[in-house]
Amino acid sequence: MSKGKGNDTSLSRRDFVKTGAVAGLGATGLGGLVSCAASGQEGGQAWDRTADFVIVGAGTAGLAGAVSALEHGASVIIVEANYDIGGHGILSGGRVNLGGGTSLQRTHGVEDSADHVFEDWINHESLQSRYSDRAMVRAFADENASTFEWLVENGVDFQDTLISSGGMVERQSRAFQWPVYEELITSYPTRHGSGLIRALEKKARENGAEILLLHKMTRLVREAPTSGRVLGIVAEHEGEEVRLRGTKGTLLATGGHTSNVHFRRMFDPRLTEEYQVAGEPYTPQAADGELAAMAIGASLWSTANQTMEAGSWISKTAHIGTRWGYGNLVWLPDSPMFDRTPGSGLSEVDWQNAIMVTDMGRRFYDETGRGHGFYNAALAYHGNPNKLDGGGPIWAIFDADAVARQGWEIGPPYVDPAGDWFFMADTIAELARSIRSPYQTAPMPPAALEETVARYNSFVDSGIDEDFGKPTPRNRIGRPPFYAAWSTPILHDSLTGLRTNPRAQVMDLNGEVIPGLYCAGETQGGFAQHGLARCIVFGRIAGREAALDGQMV
Amino acid sequence: MTDPSPDVNAAPAHPTKLELDQSPPAEVEAGTTIALSLRVSCDAGCDLEGTAVHVLDEAGALITEAPLEPENQLNDLELRAPSRVGATIWSLVFPECLVGEVVHERSTLIVRSETIPHTTSAAVWEVPSPVVMSSPFSVRVGVKCSASCDLSGQSVRVRDEDGVEVGEGILEETPWQGTEALYSVEVPLEAPEGQSSWSWSVQFTSAATGLPHAESSANFTFRTANPPDHSVAVKVIQEDTNDPLEGAHVRLGLYRGRTDERGLASLAVPKGEYDLDAWKTGYETVLQTVEVTDDVTFEIQARPVPEIDPDEEQTWM
Ligand SMILES: Cc1cc2nc3c(=O)[nH]c(=O)nc-3n(C[C@H](O)[C@H](O)[C@H](O)COP(=O)(O)OP(=O)(O)OC[C@H]3O[C@@H](n4cnc5c(N)ncnc54)[C@H](O)[C@@H]3O)c2cc1C
Ligand SMILES: [Zn+2]
Ligand SMILES: [Zn+2]
């Protein structure tokens, strides 16, 4: 903080502290600033800003934490690394898996209870609940219904429908998409998470939360490196350090680790750099919260959840020929993200119209297949000595007839044939030669791709896929030109993160609470539930716990 | 600044050196160019602006003089490979010259590359299957040169499994629609005898004239079947509305067809028992087994598959 001319309040305060010391001024005039500097100064530096509760990440869990802390009387500052709030929450479908006997469930005649929620999410027969920490699930279940009502009270507008959630009863509700067009990150009509997130943002601001955009937390400040209370954070803003003190607590709600290649490979070394992540490029799941907390002694928790080979932490590319082809998330040309992506991809792929090949030009699975059998095959070793870990890029290969059947338009705003994710050529051999991508670590052998296509075409003639059992292969790949479109699986959820107790307090490797540090959202470990519900419940718990710290029994 | 006859009594000469930024590609396709970037340096660090590098061919003939750019650099100097195949050498020469008052010595750099023929590759499409044994059919064969040469008028051959030539065609004037330079021709063929599957190949061998082109080949497969006995009409309708479904892919054993706007596909097949179903994106049908003993019409009901919401799939448990 040395750039300004003194009109920056934090700078003038800092100068004041320095000058004050020289001039021998008493501590009284500076109030809280000096008292915290006395106990919590790190390296002789004081705080730039102070609030009761400092929240890192203005996404789902962070905003829930803010609204909750404010309603319990705490002051709140949120730091957000991105240029706008919302994280993955604002991009989401806005389906909220909260039940346990909500008013919405009652209107629809559905009987539910906290116990039912608990039982569903600890069911040992499901891989997706087997490895969760049951104390965490219990807390989640107990606060399910009340958290739903709390969202409604705080301005979230839910549709009058219940959606099945696979458990004993129907639980999921869905928010309405936010009505203010200018405040959407994507106007794609299914992105209802905007309604949830903007409503929470509005409430938090109304109640006095300050949101510092383009402030990226770089580390936590603890009294001693691995002991004592967490006092606050250091963030970076336009190349400068900003130090924020959270007198009652600090919440890490940074959204998980999936985009961090080194971090995700701790759990599964196959998850190398070629795998993109849902929600990018709006916000990455960079593991900032996890790394900052681990640096001061925090523990991870329930790591089996990250490798359970069930559920959808990985999925097929829904929009091929782009690296940003996740499910329902389409970056339309009116989105502020559109110019950061080379196109929205070719959508609604019927895999009878294309085959999928590895970087070495070979098929590896029934293209119409799904699930972890498919993913394991995609992530396997495919004979490229330059690529021992991870499966390398997966390419969809198809012909002009497929384009006609699909009704695809080749070119912008869908695909960019001059870019890294989509290629076209007059022959199959030339197509293989044309594939150049940052993740294609060796040229695709043209002869291998020619052989693959000729063999597949013979399966179309016979109606039997002798290699991978694709149900009745229907269409030859024959009519030029030919196309190769990026179809590498996409990663999604972080299902392992920091250990907390059911009060969302972060714990260290000895199982002790790290005082003053809270965590919620995908950065939190212990509960392998996909999505918003657990982020909101534990965000709400964290805000309340921090605000009432010491006053709760 | 340059002087072709430097004064030998002047100050001692400065040695010079030519250096490539990157080594040249090991191979270059005949008649195409490679681009090199290089620097001339003088031991004493003189600015050599105003001088030029001479490019000589194998015979020592001057091809071009390329003036040096600032910082004694020469960017993207284009060298064109000859139209014959084989080892190729260019000499880059910085001729002796005067810069200011100082003689700069001659230096030479030899650039070697192998001139290779253009790569070609082939495509085969419009392959019917099954075809009636011992009867005529045709396929379309296309050839593309890596440098997008005009290949029209050149010939392609089709060979059977034993390598025996069974068909020939002359590539047509204009490239196939939607391609950059894929020259193609429909090649008439005759199906072999017997019920079987076959793997034949097409082969392109370039004419001796013009730029050298490597050979290429591609395999294609097809099946042969008995002559048809009956004509079968397959009608595909939408289950809920009974409306005809256009563009559905119909499969009756090995026989395939696509429905027209009336939802009809016509197939000519031998007597026998067949599996019958249809496929169209967004629909599903039930596989049925049918017996063809006469001219007949079969009906397939296609049920619209509800669109899966990707968010739905993310809901666990
Ligand atoms: C396309 C898509 C659809 C989805 N649909 C659904 C759905 O329908 N239902 C459902 O339940 N779930 C859904 N999800 C999942 C759900 O959105 C997430 O699980 C949830 O938003 C995670 O909340 P979070 O608070 O942990 O992270 P986020 O909401 O991502 O928020 C994290 C925030 O922290 C910020 N941050 C990160 N590091 C720093 C740092 N160092 N300093 C400051 N700020 C930082 C990020 O920029 C981000 O804004 C969907 C996700 C995606 C991507
Ligand atoms: Zn010199
Ligand atoms: Zn050529």
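Residues are numbered from 1 along each chain as its sequence is written, while chains are lettered from A and ligands numbered from 1 in the order in which they are written. Because the model is predicted, local features need pLDDT of at least 70 and side-chain atom pairs count only at pLDDT 80 or more, whereas totals for chains, interfaces and linings use all residues; side-chain values use heavy atoms, with hydrogens and water left out.

### The site of ligand 1

| Residue | Atom of the residue | Atom of ligand 1 | Distance |
|---|---|---|---|
| Glu80(A) | polar side-chain atom | oxygen | 2.6 Å |
| Gly93(A) | polar backbone atom | nitrogen | 3.0 Å |

On its own, ligand 1 has 1000 Å² of accessible area, and the protein covers 98% of this. Accessible areas come from the Shrake-Rupley method with a 1.4 Å probe; for residues, only the protein chains shown count as cover. The elements of chain A that give two or more residues to the shell around ligand 1 are helix H3 (60–71), strand E6 (216–224) and helix H16. Helices (H or I, at least four residues) and strands (E, at least two) are DSSP runs, numbered from the N terminus.

The shell holds 37 residues, of which Thr60(A), Glu80(A), Asp288(A), Glu522(A) and Leu532(A) come nearest to ligand 1. A residue is near a molecule or strand if one of its heavy atoms lies within 4 Å of it. Since residues from chains A and B surround ligand 1, the site is shared between chains. By type, the shell has eleven nonpolar, 19 polar and seven charged residues. Here Ala, Val, Leu, Ile, Met, Phe, Trp, Tyr, Cys and Pro count as nonpolar, Asp, Glu, Lys and Arg as charged, and the others, Gly among them, as polar.

### Nonpolar cores

A nonpolar core is a set of buried Ala, Val, Leu, Ile, Met, Phe, Trp, Tyr and Cys residues joined through side-chain atoms within 4.5 Å. Buried means under 20% relative accessible area, exposed over 50%, and partly exposed in between (1.4 Å probe, protein chains only). The largest core has 96 residues, and those that touch the most other members are Val76(A), Phe140(A), Leu151(A), Trp395(A), Ile397(A), Leu449(A) and Phe538(A). Helix H16 (residues 532–547) of chain A gives this core its largest share, ten residues. A second, separate core has 32 residues, including Tyr275(A) and Ala528(A).

Beyond its neighbours within four places in sequence, Leu449(A) is in contact (heavy atoms within 4.5 Å) with residues including Val357(A), Ile397(A) and Met444(A).

### Helices H8 and H11 of chain A

Helix H8 (residues 144–153) has among its buried residues Phe148(A), Trp150(A) and Leu151(A). Gly155(A) follows H8(A) and has a positive phi, near 100°. In H11(A), the buried residues are Gly289(A), Glu290(A), Ala292(A) and Ala293(A). They pack against several elements of chain A, among them E6, E8 and helix H10 (261–267). Just after H11(A), Gly297(A) has a positive phi of about 105°.

### Local backbone features

The peptide bond from Glu280(A) to Pro281(A) is cis, with omega near 5°. Pro281(A) belongs to the loop between strand E9 (276–277) and helix H11 (288–295) of chain A. In chain B, a cis peptide bond with omega of about 0° joins Ser129(B) and Pro130(B).

Glu238(A), a residue other than glycine, has a positive phi near 50°. Glu238(A) is exposed, with a relative accessible area of 59%, and lies in the loop between strands E7 (227–237) and E8 (240–252) of chain A.

### A buried strand residue in chain B

Leu92(B) lies in strand E7 (residues 86–94) of chain B and is buried, with a relative accessible area of 0%. Not counting residues up to four places away in sequence, Leu92(B) touches residues including Leu18(B), Val53(B), Leu77(B) and Val111(B).

Terms used:
Polar contact = N/O pair within 3.5 Å; in protein donor to acceptor, adjacent residues only side chain to side chain.
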